[in-house]
Amino acid sequence: MAEPPKSEEVDLSKLYDAVVIGSGAAGGMASHVLTSHGMKVLLLEAGKKLPIEKELRSMEWPYDNRYRGDLPPNSHSLTFNEYTIRNPPYGPGFEKFKHLKSYVGDSDYTKNIVVDERENPYTGTRYAWVRARCLGGKTNIWGRLALRLSDYDFKAKSRDGFGEDWPISYADIAPYYDKVDLYLGITGVKENLPYLPDSIFQRPTKLNCAEVTLQQGLRKMGRVLTQYRAGVTTDGLKHNKYRSRCYGRGACERKGGCDIHAAFDSPTGLIYPAMDTGNLTVRSNSTVREITVDPNTGKASGVSFIDSETMKDYHVRAKFVILAASTLESARLLLLSKSRLFPNGLANSSGHVGHNFCEHIMGPGVYGRDKNRVGKPATLDDGRPGGFYVPRFRNLDTKDPNFIRAYGFEGGSGCQMFPSGTGIPGFGASFKEEVRKNYGAFIGMGAFGEVLARYENYVDLDPVVKDKWGIPALRFHYKFGDNELKMAKDMKETAQEMFEEAGFEIVRVNDRVLTEGWSIHELGTSRMGDDPKTSVVSQFQQAHDVKNLFIVDGSTHVNASCQNPTWTIMALCWRSCDYLADQFAKGNI
Amino acid sequence: MSLKNPIDLRQDRRQWLITSAGVLGASLLPVSDLAASALQVPTPPVVPHGTVPEAQSPATFFTSAQHALVEELAETIIPADSRSGGAKAAKVADFIDQFLRETSDDAEKSVWRDGLPLIEVMCRHYHGKSFVDSTPEERVAILTVLSDHAHLTDLPEVRFFNSLKRMTVDGYYTSKIGIHDELQYKGNRINMEFVGCDDQPPAKS
């Protein structure tokens, strides 16, 4: 694999065609598409450019790591219990630890990728907010499940009356899903499901025996189990010299990314190739604090940012501002960008910025044992980018009496590096033998359900608390509602019924709902729509109020669907940036 | 040997705590040198307020006698057998020592500081000798008392057992012996093709 391209000097006196804020899935995609159209782009990232392969060390054995892969003992990552009994900000009470991290920062491989909670406080209702400030953001460690949405999502209001329809339909975005598939690579198996459209898949992974048993059980119930659709190139990408194909190595289950970049990440998949066009300049350590506006034209004029390390303040000008800082950080920046023309925050004449905030509810699921796998020699089950996915089956042809919308399950089985069966009681020779006999016999799955996009779930700015850079913190007003909790109950019941149908011994049924935010799928704080009174951006993610401002991340999603959002974020962003570049070329904006 | 069942831990511990007062004061029972030093609580290294111990701290958390005791305790949790080495061979005591030496979690340190002497006191109560001098059967009998009462987490000896088990499991199954000899883990290597159920011999049920 090729070395990353050298960054060129950043010339802040220049007028860039576009400045992109954020380098994750959306910011990377915007950089790729705009530079491919010949536009001169400056990409700003708040965090460092990490030596990412040295962080991830995907094939390191635990015994070669001082802490066996765990977080060093001077650091702490928040646990479910701590998120439950405490309220944000989560810093106070952990002073004895040098670093405090979100729950994802619980390994030696992720600790430098996620932010320090104390430097980045937030307030309000409980929320497990996972933030990655470094080049590539959360794409360095994402779960890789890459699903398409369908008209069951885009036209959900037409089906059940709740919320708003998206201003686009599947036909509008389908060609862009195809582009994302081909440019970045995705593995999976075609299923021809109208509610989970197929991608253009590369070589699929294989199911192991317990997973096949579950698949057969589900088939009897009219439900589907398919191989994990991962944003991973299993055949390789001839056009990308920074990424290797997947070699089925270990540690994919470990929280952490892929150090050969078979799994998509924004730097190797999008940013480095964009730098090779000669049109992209990248500046890391650039914490944007405001999008500035020309008071004469009402258009965005550029951005003000603080050097994250030197604390020096800078301003850079651009013809277009592309906001891709993540759903919550983008909302925060819009609310921070107040001016005489935009007293409620930029692009917020609708009052909807920060609102309609939604994500996925997680927690309920099932854990079981396939008795046919007990006592068998260890099998090779690791090294796959994921196990299986069970697509939604609620509220398709029939209406559930208790809740609207749906959920899917992610799961897996087999021999992982650390055995699954050590939770059993006892010790000694019999304990050791039980763990060994059951090594490959356990199977589990957990649900991801749609949280309804409701106006009353929102974020705003805390009037007092500021982050390390003196920027007002975000304040949460967000709770799961009745529909989500009823859905969670159903998740638990259907999970159990599916394992029973497969003939598995049920070890544990989880009904515990994880803290709000746990899914890391936050969406919807600047939703798209045709009506400027009830939406923030157009179908091309162009701010209704500020024509040269585009918001291209998950904040524009009208609902959360129950399918993971990353592939949709990138497909929408590609579509919008094609539109932007076309308008730019025609001199329309 | 196994102990008379069922043991009422709450009731029994009243008796052995009386014994422990004696042991910790002027000893009424014959105590081997090794066991006696295992009872001593090590002084924690002095760390300036607000700093974090350096990773290469030369001090150990356990005294050498305690280290020997922890080795035997861990080996009782995961013993060697015909397939693979146990916790002792996997150097689990070193793993636990390093964790306790470096952690900022003072509560966890206390669990171990309080727990090791309590194990000795229990051993003396039930068997009249120290843990390291006990037979494998006697060792299993002592830990069985705690394992059977693993839910009584208000008791320091139970908290100790639970931590001992958790840390032994963590240390063992992340060791070379645990991963390769015991589990015979097949992953973490380059594979040209994915492997699935159809590549494995059919499961006979």
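Me: How do helix 1 and helix 12 of chain A pack?
Reply: This is a predicted model. In it, helix 1 (residues 25-36) and helix 12 (residues 566-586) of chain A pack at an angle of about 35°. Their axes are 9 Å apart.

Me: Left-handed or right-handed crossing?
Reply: Helix 1 of chain A passes helix 12 of chain A in a right-handed crossing.

Me: Which residues make the contact?
Reply: From helix 1 of chain A, they include Met29(A), Val33(A) and Leu34(A). From helix 12 of chain A, they include Ile569(A), Trp574(A) and Asp578(A). By class, the contact has 12 nonpolar, 1 polar and 1 charged residues.

Me: Zooming out, how many helices and strands are in chain A?
Reply: Chain A has 12 helices and 18 strands.

Me: Why call chain A as compact as a globular protein of that length?
Reply: Because its radius of gyration is 23 Å, close to the 25 Å that the globule rule gives for 589 residues.

Me: What share of chain A is buried?
Reply: Buried residues make up 58% of the 589.

Me: Now the partner. How many residues of chain A are in contact with chain B?
Reply: 44 residues of chain A, against 39 residues of chain B.

Me: Which elements of chain A give two or more residues to that side?
Reply: Helix 7 (209-220) and helix 10 (428-437) of chain A. Helix 10 of chain A gives the largest share, 4 residues.

Me: And the makeup of that side, by class?
Reply: The side of chain A that touches chain B has 21 nonpolar, 11 polar and 12 charged residues.

Definitions and conventions:
Residues numbered from 1 in each chain as written. Chains lettered and ligands numbered in written order. Predicted model: local features only at pLDDT ≥ 70, side-chain atom pairs only at ≥ 80, totals over all residues. Rg over C-alpha atoms; globule rule 2.2 N^0.38 Å. Buried ≥ 20, exposed ≤ 12 C-beta atoms within 10 Å, placed from the backbone. Axes fitted to C-alpha atoms, helices over the stretch in contact; angles between N-to-C directions. Left-handed = near helix turned anticlockwise from the far one by under 90°. Contact = placed C-beta atoms within 7 Å. Nonpolar A, V, L, I, M, F, W, Y, C, P; charged D, E, K, R; others polar.
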